[in-house]
Amino acid sequence: MEITLATWIIAFIASVILGISKAGIKGIGIIIVTLMALAFGAKESTGLMVPLLIVGDIFAVVYYNRHAQWKYIIRFLPWMIFGLLIGVLIGKDLPEKSFKYGMSAIILASVILMYWWDIRKSKVVPQHPAFAGFTGIMAGFTTMIGNLAGAFSNIYFLAMRLPKNVFIGTAAWLFLIINTIKLPFHIFVWKTITKESLLIDLKLIPAVLIGLLIGIRLVKIIQEKYYRKMILILTAIGAILILFR
């Protein structure tokens, strides 16, 4: 594969943003996905991104491990795996236009609901299994077909009212597990991870590490009371950007 300088620049920027996201600045996944699709194509970029995501996940797990809350992972992960398997089976044949409109509408509705909870100063945490089930299935499905699970996991963890570092540490373990599960499907079923794509990933890892260092600094600067609002805003912007992808 012959790659132009412009493609490398776009991929480098996307990888830096990926690192920033994995360090805790959630809600910017659509920017990464869009840039990677622009650089390498929509289908090819889904597999190319997975090893880079895992590198970011490993770093985040090591750095934020002490903050992880496994009870939330155990409640969410089985539903996410179920959604991922649905994505493996039908994801390739799903009309992209229908998917984009449906996903954007669900994410925006969820963000509006959580904003409403916030202005009402509600402390109620959704306990019904259907909430974890729906958001988990949607997260698993979207992570398989477009590496876009962040929006739905953000909605779930924000609804649980997790503090900043607990949010990041719990999400780090969740995505390390789910992205590792995705690997064999991309290699053997969709065949979107190849020797060539892995060589590209090796050259982009330094950009991910730069982004991780930037992200850690940003997380330390952002106060706890503003972190939740920032994630809500970025998640909503991401839902809108999906429509223009």
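K191 is exposed, with a relative accessible area of 57%, where exposed means over 50%, buried under 20% and partly exposed in between (1.4 Å probe, protein chains only). This residue lies in the loop between α8 and α9, and its phi is near 55°, a positive value in a residue other than glycine. The model is a predicted one, in which local features need pLDDT of at least 70, side-chain atom pairs count only at pLDDT 80 or more, and totals for chains, interfaces and linings use all residues. Residues are numbered from 1 along each chain as its sequence is written, and side-chain values use heavy atoms, with hydrogens and water left out.

**Backbone in the loops**

- Most residues other than glycine have a negative phi.
- R161, which is not a glycine, has a positive phi of about 60°.
- R161 is placed in the loop between α7 (150-159) and α8 (164-189).
- R161 counts as partly exposed because its relative accessibility is 26%.

**Fold and dimensions**

- The protein has 10 helices and zero strands; helices (H or I, at least four residues) and strands (E, at least two) are DSSP runs, numbered from the N terminus.
- Along the principal axes, the C-alpha trace spans about 55 × 40 × 30 Å.
- Of the contacts with a separation of 6 or more, 87% are between residues 24 or more positions apart, contact meaning heavy atoms within 4.5 Å.

**Surface and charge**

- Of the 245 residues, 54% count as buried.
- The protein exposes about 11,700 Å², and carbon and sulfur atoms supply 72% of this area; accessible areas come from the Shrake-Rupley method with a 1.4 Å probe, and for residues only the protein chains shown count as cover.
- There are 24 positive and 9 negative side chains, and the centres of the two sets lie 13 Å apart.
- Lys and Arg count as positive and Asp and Glu as negative, while His and the chain ends are not counted; the place of a charge is NZ of Lys, CZ of Arg, CG of Asp or CD of Glu.

- S21 is found in helix α1 (residues 5-22) and counts as buried at 11% relative accessibility.
- Not counting residues up to four places away in sequence, S21 touches K26, I28 and I32.
- I221 lies in helix α9 (residues 195-221) and is exposed, with a relative accessible area of 63%.
- I221 and K97 are 124 residues apart in sequence and 38 Å apart in space, C-alpha to C-alpha.

**Aromatic pairs**

- A search of the whole structure finds nine aromatic pairs; rings of Phe, Tyr and Trp (its six-membered ring) pair if their centres lie within 6.5 Å, with planes under 30 degrees apart counted as stacked, over 60 as edge-to-face and the rest as tilted.
- The rings of W70 and W173 form a tilted pair because their planes are at 50°, with the centres 5.2 Å apart.
- This pair links distant parts of the chain, with W70 in helix α4 (residues 70-90) and W173 in helix α8, 103 residues apart.
- W70 is partly exposed at a relative accessible area of 38%, and W173 is partly exposed at 22%.
- One aromatic cluster is formed by F76, F131, Y156, F157, F167 and Y227.
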